[in-house]
Amino acid sequence: MNVTRRLSSRFREIRGALADAIDLVYPPVCLACEAIDDVAAVGLCETCRRSLAKIVPPACPRCGEPLRRAPDRTMGKRLRCNACPKGGFAADGAIAALRYVGTAKDLVLGLKFGRDRLLARPLGRLLLERLRAPDVSFRPDVVVPVPLPFGRRFSRGFNQAADVARVVATEFGVPCRTRLVRRRAAPPQSGLSRAARRRNVRGAFSLWPWAKRFLQGRRVLVIDDVLTTGATVDAMCRVLRRARPSAIYVAAVARATAS
Ligand SMILES: [Zn+2]
Ligand SMILES: [Zn+2]
């Protein structure tokens, strides 16, 4: 065993002992309901975990909408479901871990509005669980969160999608790149129709000059906290295409589902 390795194993021991000590003083509580319980790996208690409306296969491989029947693979790339955007989708596929209702919605909003930034961890882990389901075969080379417009990023102090993206990237052992795509402020999307949202976000994204170097020929995983119409992330994917990645997939913690 060389010195570096010995030091790093000693460091791990100390870190482990510290974590145990912290658990003694602050017993792990559920990040959603603060119950002192078996919060297991994701930081949520059993009751909260069970109350999450998880999206389980089959789901539309294009847009992530949960389906009643498995999609017919023979349709290949032309495959779409009733919820798929009519104008096509710039990503090769999309996936979401949870339906955007109940506890899932509370958790996503809790992270978004800064109630608890620690929520990125359980939400990231739930997304990873979905990304590892047998119907998903995508393995990214690089993870890119949907950026916030500069002003909003500045006033909020963090980007919730980037927090989730870091959890995902670390687990896959790939880089998380937050400075490849720039986003300018567009008027808020809420309350707009699907067509109006598309118009609203068109032109909001642009690539930094060095983006191509990190994206060309790579499999890109775009991360967002929540997909509603998908118009924002679609506008971003159209811009990412210009850097010629080999594939683009979108993964969101939650998805507003049609059914
Ligand atoms: Zn709980
Ligand atoms: Zn679909």
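**Reading the packing of a predicted fold**

Mentor: Let's begin with contacts in this predicted model: of those in the protein with a separation of 6 or more, 74% join residues 24 or more positions apart. The secondary structure comes to nine helices and six strands, and 34% of the 259 residues are buried.

Trainee: Thanks! What makes E1 and E2 the edge strands of the sheet?

Mentor: Look at the order, E1-E6-E5-E2, in an open sheet of four strands with parallel pairing. Strand E1 (93–99) and strand E2 (142–145) each pair on one side only. Neighbouring strands are turned by 20° against each other on average, ignoring direction.

Trainee: How do you know that E2 and E5 pair?

Mentor: Pairing takes at least two bridges. E2 and strand E5 (residues 219–227) have four bridges, in the parallel sense, so they count as paired. Within this pair, Val144 stands opposite Val222 in E5.

Trainee: And which helix packs on that sheet?

Mentor: That is helix H6 (residues 160–172), which touches E2, E5 and strand E6 (247–255). The direction of H6 makes about 135° with that of E5.

Trainee: Which residues make the contact between H7 and H9?

Mentor: From H7 come Arg194, Arg197, Arg198 and Val201, and from H9 come Ala231, Thr232 and Ala235. By class, the contact divides into three nonpolar, one polar and three charged residues.

Trainee: What makes H9 largely enclosed by the rest of the structure?

Mentor: Count its residues: eight of the eleven in H9 are buried, so the helix is largely enclosed. The test for each is 20 or more other C-beta atoms within 10 Å of its own. Those that pass in H9 are Ala231, Thr232, Val233, Asp234, Ala235, Met236, Cys237 and Leu240.

Trainee: What covers those buried residues of H9?

Mentor: The cover includes strand E3 (181–183), strand E4 (205–207) and helix H8 (211–215), along with H7, E5 and E6.

Notes: Residues numbered from 1 in each chain as written. Chains lettered and ligands numbered in written order. Predicted model: local features only at pLDDT ≥ 70, side-chain atom pairs only at ≥ 80, totals over all residues. Contact = placed C-beta atoms within 7 Å. Helix = DSSP H or I, 4+ residues; strand = E, 2+ residues; numbered from the N terminus. Nonpolar A, V, L, I, M, F, W, Y, C, P; charged D, E, K, R; others polar. Axes fitted to C-alpha atoms, helices over the stretch in contact; angles between N-to-C directions. Buried ≥ 20, exposed ≤ 12 C-beta atoms within 10 Å, placed from the backbone.
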